[in-house]
Amino acid sequence: MFKKIIFPFIFYFLNLFTSEAQYITITGQIDNAPNGTILFIRDLKSFQLIDSIEISNGLFSWECHNPEDPIILHNKRNEFSYKDRVILWVNSENIHVEGNFDYLKNLKIIGSNDSDNFLEVKKLFKQESKKLDSLHSISYQEKVDKEQELLLIKNEIANSLSKYSKSFLKNVFTIELLYEPQYFSYSTIRQSDILDIYTLLPDYLKDSLDSKNFYRYETLPYLNNSGTKAIEISMTDPNGRIVSLSDLKGKYVLLDFWASWCKPCRESFTDLKKIYAKYKDNGFEVYSVSGDDNKTKWINAINKDSIPWINVSDLQGMKNQAFIDYNVNGVPVNFLIDPGMIIGRDFYDFSLLANELHDIFEQKSENP
C-alpha cells in the first residue's frame, strides 16, 4: 500500500519540475552551408563553449535550458572570424534564424525581441554618434557655444535607451560600450560621451548596470588627436623578447593596432612598407600591436606579409592590455607619436602619413 501511494507522488513532483524547466529551441535554415558544418554555441560574457550542432541539408535544430545571457552562434571556417558570428538574445521558446552561410553575422533572427532591440540600439548609436562627432570636430570656442546642442543629443540617446528593460540594457552596455568582447560590435560613441549618457539615465537603469565595469571604464584614458602623452607598452615579440614603446625614445613612431584576421589592416601594409623603407633611416619606426589570441596565426601573418617592423602582442585578443589602455575597440587604428607625445591618429590613408612624415623630416633637415 505504501509503495502504491509514494510512486504517484514521486511521479507528480518529477513531472512538476520538468514542466517548470524552461527549454528553448533554436532552428535554422542556412543557405550554402556544406553538409556536416559545425556551429558552436558560446556564452557571450564568458565565451565558454555551451554546445555544438551540425548543419544537415542547410538545416539545424538545438534545444537547451533557457540561458540567462545572450549567446554567440559561430563557425570556424577561416581566419576572418568577424563574419562568422552572430549574437542571439534568447527570450522566447522558439527562435528561428535564416540567411546565407557566407555571412553569419547578417543572419535574420525571428522570434527574439531583444535581438531586434539590439539592432535598433546599434542603429541609434550609429546615427547619433555622427551628430556628436560633427560637434566634437569644431573649434574649442564653437564647442562652448554648442554645449547645449551636445547635451540635447546625449539626452535624446539616454531617453531612447530608457525604453528598454534593465536586463537588456545591461547587456547592451556590456557589448556595445564596454570591453566585453569588443570585436563583436564595435563601439561607435566615444568614451567621454558614453559616460555623460550613463549619468543621464534614470537611477533604476543605472543601478541595473555593472557599476564595476563602469568605474573601470571611467578610469581609462581618452586619447585625443594631439597633445596627449603616449602610454607605455611592454609586450613580447614573436621571439619572446620584450619590446617596450619607450625603447624607441627619440624616434617618430607609428603605433599600429591590427590583427591577423583584419583584411583591411593587412592590405594596407603594402603602402606602409614603402613609407617605412623610405623613412626608417631618418628616425621613423613602426610599433605594431596585434589583437590576436593565436600565436601561430599571428606569426604566420607576419611572415606571409613580410612585415619588417616591430610586432608585439600579449595574445589576449581584443582584450589586449594596450587595446584597453588606448581605448581601441576595432582595427585598424594607429597613432603617430612624436617622442613621447601623440601628434595624430587614424591614418587610414597612408598617403596622409607620408605627407606628414615628409613635412616632419624636411623641417628637421632644414633646422638640424
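Tutor: Start with the outward side of helix 4. The face turned away from the buried side of helix 4 carries the exposed residues Gln148, Leu152 and Asn159. Exposed means over 50% relative accessible area, buried under 20%, and partly exposed in between, with a 1.4 Å probe and protein chains only. A helix here is a DSSP run of H or I with at least four residues; a strand is a run of E with at least two; both are numbered from the N terminus.

A word on the basis. This is a predicted model, where local features need pLDDT of at least 70 and side-chain atom pairs count only at pLDDT 80 or more, while totals for chains, interfaces and linings use all residues. Residues are numbered from 1 along each chain as its sequence is written, and side-chain values use heavy atoms, with hydrogens and water left out.

Now the helix itself. Helix 4 covers residues 147-161, which is 15 residues. From first C-alpha to last, helix 4 reaches 21 Å, close to the expected 21 Å. That expectation is 1.5 Å times one less than the number of residues.

Turn to the inward side. Leu150, Ile153, Lys154, Ile157, Ala158 and Leu161 are the buried residues of helix 4. Viewed down the axis of helix 4, they fall within an arc of 135 degrees, so they line one face. The arc is taken from the directions from the helix axis to the C-beta atoms. The general rule is this: an α-helix has 3.6 residues a turn, so residues three or four places apart point the same way.

One name on that buried list is a lysine. Lysine 154 sits in helix 4. It counts as buried because its relative accessible area is 6%. Its side chain makes a polar contact with the side chain of aspartate 196, at 2.6 Å. A polar contact is a pair of N or O atoms within 3.5 Å; within protein, one must be able to donate a hydrogen and the other to accept it, and residues adjacent in sequence count only if both atoms are side-chain atoms. Contact means heavy atoms within 4.5 Å.

Some background first: the structure holds 13 aromatic pairs. Rings of Phe, Tyr and Trp (its six-membered ring) pair if their centres lie within 6.5 Å; planes under 30 degrees apart are stacked, over 60 edge-to-face, and the rest tilted. Tryptophan 89 lies in the loop between strand 6 (85-88) and strand 7 (94-100), and phenylalanine 118 in helix 2 (residues 113-136), so the pair ties together parts 29 residues apart in sequence. The rings of tyrosine 164 and phenylalanine 168 make another tilted pair, with centres 5.2 Å apart and planes at 50 degrees. Both tyrosine 164 and phenylalanine 168 are buried.

Last, the setting. The chain has twelve helices and 16 strands. Of its 368 residues, 46% are buried. Among contacts between residues at least 6 apart in sequence, 66% join residues at least 24 apart.
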